[in-house]
Structure formats: C-alpha cells, structure tokens
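Here is a short report on one protein chain.

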Amino acid sequence: MAATMETTAGMSNMLQFMKLIGQLKRVPRTGWVYRNVQKPESVSDHMYRMAMMSLTITDPTVDKDRCIKLALVHDMAECIVGDIAPSDNISKAEKHRREEEAMRHLSALLPEGLKQEMYGLWEEYETQSSQEARLVKEFDLLEMILQAHEYEELEGTPGRLQEFFDSTNGRFHHPDVLQLLSALNEERGSHMTKTDKTKKSDGSNAAGASSSQTRTTPHTNTSYNTQTFCHL
C-alpha cells in the first residue's frame with residue numbers, strides 16, 4: 001500500500017515536471033521580442049537545435065550524449081523565471097539566483113537519481129566546468145546567430161540583426177563550430193551582397209525611368225504646367 005502511494009506521488013510529481021518544462025514551448029526568446037521579430041522562436045526551439053548540433057558533432061573526443069543532455073537542460077529554469085536578457089538590467093548574480101531556485105524546484109519533482117543528475121547538468125553548464133559544457137556554450141551562441149541569419153532571410157533584411165553576430169566575436173574556438181560558422185558567414189555575406197546589388201539595380205532603373213519620363217513629357221502647354229505647380 002505504501003509503495004503504491006509512493007509510486008502515485010512520484011508519477012504526480014513527474015506529471016507536474018513535464019507540464020512545467022512544457023512551458024518552454026510558450027516562452028519566446030526575449031532578444032527577438034525586443035528586436036520586433038515576427039513570431040519569435042521559443043526557448044525549446046532554441047534548445048532543440050542545440051541538441052541536434054550536439055548529436056551531429058564529429059569530434060571523437062567529445063561525449064555526445066553529455067552534450068545533448070547539457071543542451072536540453074541548460075535553459076530549463078526559464079520555464080519558471082522566463083528568458084532574462086542582458087537588456088533587462090538584472091545582474092548576473094540575481095539571474096543565477098533565480099535560475100538556481102527554479103532548478104531546485106524542478107529537480108525536486110524527480111526521483112533521487114534523476115534529481116541529482118538534472119541539477120548537476122545545469123550546474124556544470126553554469127560553471128563551464130567541462131569540455132562538453134564549454135562546447136555546448138559555443139552551440140548556444142552559434143544557434144543564436146544562425147537563427148538571426150534565418151530571420152534576416154525571412155524578413156528580407158540582411159544585416160538587421162548584426163548586433164547578435166557582434167556579441168559573439170572571439171567566442172568560438174572548437175574546429176567543428178568554426179567550420180559551421182565559416183559556412184554561415186559565407187552564406188550570409190553572399191545574401192547581403194546580392195541584396196545590395198538588387199537595391200542598386202532598382203535605384204538605377206528608377207532613376208532611368210524618371211529621366212526618361214522627364215524627357216518625354218510634353219511642354220507645349222506651359223500655362224497649364226505653371227498653374228498645376230501653383231496649386232501644389
């Protein structure tokens with residue numbers, strides 16, 4: 001009887017845990033909201049692609065499974081505290097305190113072994129205490145600028161989100177990450193160049209059309225033209 005009650009309580013806690021982390025699907029990434037991006041991604045969207053980056057890493061010295069776990073846990077506290085951005089004027093210490101409290105609450109809903117693992121993964125990422133944690137931090141930044149590039153593509157506004165790229169300067173080190181970064185920069189640069197050429201071409205065509213119209217406009221009725229300009 002006691003075992004049955006314990007199992008029931010455990011499953012009830014697990015259900016509450018699943019409902020809480022489900023909130024991550026509805027928490028938008030604050031940076032995109034502040035930059036007026038239409039339909040910004042959720043925190044869980046961000047973590048999913050980070051997990052895929054972890055899964056597809058080719059470095060044999062890296063523990064892929066640990067990277068995937070770190071990617072899935074690193075922003076978990078945001079289901080309670082929200083996505084706190086630097087522009088929110090909340091200190092790093094206060095941000096850490098809130099997220100730590102949230103992680104203690106979340107992990108307390110899990111069985112003992114899982115509780116320790118979940119909180120330990122979050123703490124490992126926060127302290128950047130392992131090779132895997134540092135790599136996942138690079139994935140965090142890489143995923144952000146990849147998403148920025150995609151928003152620029154969707155909006156047709158290359159370069160609009162440059163500040164996100166600038167914030168990552170000098171923060172990538174892993175060879176696999178650098179290769180993907182190079183491919184991203186090449187594609188983005190190509191799109192920006194094409195857009196610039198299109199704008200210049202459109203500008204030239206507009207100027208040509210205006211010039212042509214000026215040349216072909218009849219000037220025989222000068223009194224009419226003068227009257228028109230006066231009314232303006």
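Ala148 sits in helix α8, residues 131-155. Helices here are DSSP runs of H or I with at least four residues, and strands are runs of E with at least two, numbered from the N terminus. The model is predicted: local features need a pLDDT of at least 70, side-chain atom pairs count only at pLDDT 80 or more, and totals for chains, interfaces and linings use all residues. Residues are numbered from 1 along each chain as its sequence is written, and side-chain values use heavy atoms, leaving out hydrogens and water.

Ala148 has a relative accessible area of 0%, so it is buried. Buried means under 20% relative accessible area, exposed means over 50%, and partly exposed lies in between (1.4 Å probe, protein chains only). Leaving aside neighbours within four places in sequence, Ala148 is in contact with Trp32, Leu161, Phe164 and Phe165. Contact means heavy atoms within 4.5 Å. Gly159 is eleven residues from Ala148 along the chain, and their C-alpha atoms are 9.3 Å apart.

## The nonpolar core

The largest nonpolar core holds 47 residues. Such a core is a set of buried Ala, Val, Leu, Ile, Met, Phe, Trp, Tyr and Cys residues joined through side-chain atoms within 4.5 Å. Phe17, Trp32, Met103, Val136, Phe139, Leu142 and Ile145 touch the most other members. Elements that give two or more residues include α1 (2-22), α7 (112-127) and α10 (175-216). The largest share, ten residues, comes from α8.

Leu142 touches Met53, Phe172, Val177, Leu180, Leu181 and Leu184, not counting residues up to four places away in sequence. In soluble globular proteins, nonpolar side chains tend to be buried together.

Helix α3 has 13 residues and reaches 19 Å from its first C-alpha to its last, close to the expected 18 Å. The expected span is 1.5 Å times one less than the number of residues. In α3, the buried residues are Val43, His46, Met47, Met50, Ala51, Met53 and Ser54. They cover an arc of only 155° around the axis, so they lie on the same side of α3. The arc is that of the directions from the helix axis to the C-beta atoms. These buried residues pack against α4, α5 (78-81) and α8.

Glu99, Ala102, Met103, Leu106 and Ser107 are buried in α6. Their arc is within 125°, so they line one face of the helix. On the other side of α6, Ala93 and Glu101 are exposed.

## A loop with positive phi

The loop between α2 (30-34) and α3 holds Asn36. Lys39 lies in that loop between α2 and α3 too. Asn36 is not a glycine, yet its phi is positive, about 60°. Phi of Lys39 is also positive, near 50°. Most residues other than glycine have a negative phi. Asn36 is exposed at 59% relative accessible area, and Lys39 is exposed at 79%.

## The whole chain and its confidence

The chain has eleven helices and zero strands. Of its 232 residues, 33% count as buried.

The average pLDDT is 88, and 82% of the residues score at least 70. pLDDT is the predictor's confidence in each residue, from 0 to 100. Over residues 214-232 the pLDDT is below 50, and this stretch has three contacts beyond near neighbours in sequence. Where pLDDT is low, the predicted coordinates should not be read in detail.
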